[in-house]
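Subject: Structure handover

Hello,

Here is the structure for your files. Notes on what was found in it follow below.

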Amino acid sequence: MSTATVVGGGPAGLIAAEVLAQAGVAVTVHDRMPSVPRKFLLAGHGGLNITHSEDRAPFLRRYGSSADALAPMLDVFGPADLRAWCEGLGEPTFVGTSGRVFPRSFRANPMVRAWLARLADLGVRLERRHRWTGWADDGGLRFVDADGAESTVTSDVVVFALGGASWPQLGSDGGWLAPFAGRGVSVLPLLPANVGLRVGWSETFVERFAGTPLKNVGLSVRGAAGPTAAGPAARGDAMVTCTGIEGGPVYAIGAAVRRALATGRCVVDVDLRPGLSVEQLAGKLQRRRPKDSTSTWLRRAVGLDPVAAALLREAGPVPSDPARVAELIRAVPVQVSATAPIDRAISTAGGIAWAEVDEALMLRRLPGTFVAGEMLDWEAPTGGYLLQASFSTGVVAAQGALAWLERAAQQR
Ligand SMILES: Cc1cc2nc3c(=O)[nH]c(=O)nc-3n(C[C@H](O)[C@H](O)[C@H](O)COP(=O)(O)OP(=O)(O)OC[C@H]3O[C@@H](n4cnc5c(N)ncnc54)[C@H](O)[C@@H]3O)c2cc1C
């Protein structure tokens, strides 16, 4: 019987273990945490958005520069396959109003219980509190357990699925980077993705508006993908926090923000009324009654709520010229000083360079060793795309490992 070691018990590692075990391979999963899959379970706290229902072309575009690399993997195990898999675990899925897909219970726990039971039935062994620390001289995998005892494991194939580096308390801490780099594998630095942005708000603004949503705003990063005829780079509700701003549209501009920050300056233009042109806004703003305060004027003329009007003031004194105010409303400049730290990020960008793996996700430098999930160099916005790619790459890596085992058997 062939043997496989899966290192990392997140969604990518566990689905790889399932595919391998279903093909009759003896699989052991090692994870440094006392229970798995922790991040997947946490993802379920806010509603487990397992994948998205949009068509293939827009779906693929969410992966930006990694779309070409991931496309064949999403064809192998795509959204429909993932939804069928959930149903097989007793959790039929439904499409939410935004096109996002959720399991019926909305949570991850019922599915995880059923999944771990299925893996146990398939004979998958789970070694918890086993931290992988690198390779031994003979190529074996070195582990250390909770008591500090060291061991070396060898098997016919290996799948690594060690995740990125966000929320390290859940297990994935990016500790794998150094051993991989030590084997000559090119790894791009892990950077926070889908993360809040730091803004130096005034005290008054924080006191009054921390926790208040800026409803249906457009966001664009100055100097990157600025406002175009097609509209701002991202649109939706953004949440004001004590330290900055967060939420779906904020996460969606994350890559452009990182690029701008790397140049030393990042300004995000907030479009408070994306549905109206500057001319339309200026026309409406002409109607100011003499007794109206600025807030009343902005509310009556163009419907700005208190938080939106206060954001305008954060950028400086509000001009009295309607045309200038109209321009400001379409692009309130917000100076971003940094992203929130990686340990608060939903995911990470960077990881193992695509050039390091073949189409079956086998490391070119380490034949028989496969990689999957967030440890590969791709990123995507929230919306189910992160879990989908983690599952798809897990399946492809496992299928690659099976093909490798078959070739090895034929050569014997
Ligand atoms: C708060 C939050 C909410 C999220 N919500 C969603 C959502 O709704 N939809 C969505 O698509 N995505 C969501 N995500 C992202 C999604 O959970 C991840 O993209 C996904 O879990 C990545 O899967 P993975 O298997 O690659 O890595 P992980 O899930 O990070 O698993 C990696 C595993 O490797 C183990 N490990 C790491 N290093 C070692 C080592 N040295 N030795 C042994 N084991 C090790 C870890 O303990 C961990 O169990 C969310 C993330 C967070 C933080």
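Helices (H or I, at least four residues) and strands (E, at least two) are DSSP runs, numbered from the N terminus. This is a predicted model, in which local features need pLDDT of at least 70, side-chain atom pairs count only at pLDDT 80 or more, and totals for chains, interfaces and linings use all residues. Residues are numbered from 1 along each chain as its sequence is written, and side-chain values use heavy atoms, with hydrogens and water left out.

Overall layout

The protein chain has 15 helices and 19 strands. Its C-alpha trace spans about 90 × 40 × 40 Å along the principal axes. Of the 412 residues, 51% are buried; buried means under 20% relative accessible area, exposed over 50%, and partly exposed in between (1.4 Å probe, protein chains only). Contact here means heavy atoms within 4.5 Å. Among contacts between residues at least 6 apart in sequence, 70% join residues at least 24 apart.

The chain is divided into domain 1 (3-193 + 346-411) and domain 2 (197-339), with bounds that come from an automatic or database domain assignment. The centres of the two domains, taken over C-alpha atoms, are separated by 38 Å. Seven residues of domain 1 are in contact with four residues of domain 2.

Cores

A nonpolar core is a set of buried Ala, Val, Leu, Ile, Met, Phe, Trp, Tyr and Cys residues joined through side-chain atoms within 4.5 Å. The largest one has 79 residues, and F160 and F180 touch the most other members. Helix α15 (residues 385-411) gives this core its largest share, eleven residues. Apart from it lies another core of 44 residues, including W201, L276, L281 and L298.

Leaving out residues up to four places away in sequence, F180 touches W132, W135, F160, V185, V187, I352, L363, V371 and M375.

Helix α15 also turns up in the packing of α4 (residues 67-76): the buried residues of α4 pack against α3 (56-61) and α15. Those buried residues are A67, L70, A71, M73 and L74. An α-helix has 3.6 residues a turn, so residues three or four places apart point the same way.

Pocket and cavity

Both terms rest on a 1 Å grid over the protein atoms alone: a cavity is a set of points where a 1.4 Å probe fits but cannot get out, and a pocket is an open set with protein on both sides within 12 Å along at least five of seven lines; lining residues have an atom within 4 Å of a point. Grid points are joined across faces, edges and corners, and a volume is the space filled by probe spheres set on the points.

Where does the second largest pocket lie? Domain 1 and domain 2 both give residues to its lining, so this pocket lies between them. The second largest pocket holds about 980 Å³ of space. Its lining has 40 residues, of which R62, Y251, A252, I253 and P381 lie nearest the centre. The elements giving two or more residues to this lining are β11 (187-193), β14 (234-240), α9 (248-252), α10 (254-262) and β18 (347-352). The largest share, five residues, comes from α10. By type, the lining divides into 21 nonpolar, eleven polar and eight charged residues (Ala, Val, Leu, Ile, Met, Phe, Trp, Tyr, Cys and Pro count as nonpolar, Asp, Glu, Lys and Arg as charged, and the others, Gly among them, as polar).

The structure holds one cavity of 30 Å³ or more. The largest cavity has a volume of about 30 Å³ and is lined by L197, L219, I245, V268, V334 and V336. That lining has six nonpolar, no polar and no charged residues.

Backbone and single residues

Most residues other than glycine have a negative phi, and most peptide bonds are trans. A cis peptide bond joins V36 and P37, with omega about -15°; P37 lies in the loop between β2 and α2 (38-43).

F106 has a positive phi, near 75°. It sits in the loop between β5 (100-103) and α6 (109-121) and is partly exposed, at 36% relative accessible area.

N216, in strand β13, has a positive phi of about 45° and is partly exposed, at 39%. S220 is also found in β13 (residues 213-221), but S220 is buried, with a relative accessible area of 2%. The C-alpha atoms of S220 and A331, 111 residues apart along the chain, are 8.6 Å apart.

Regards
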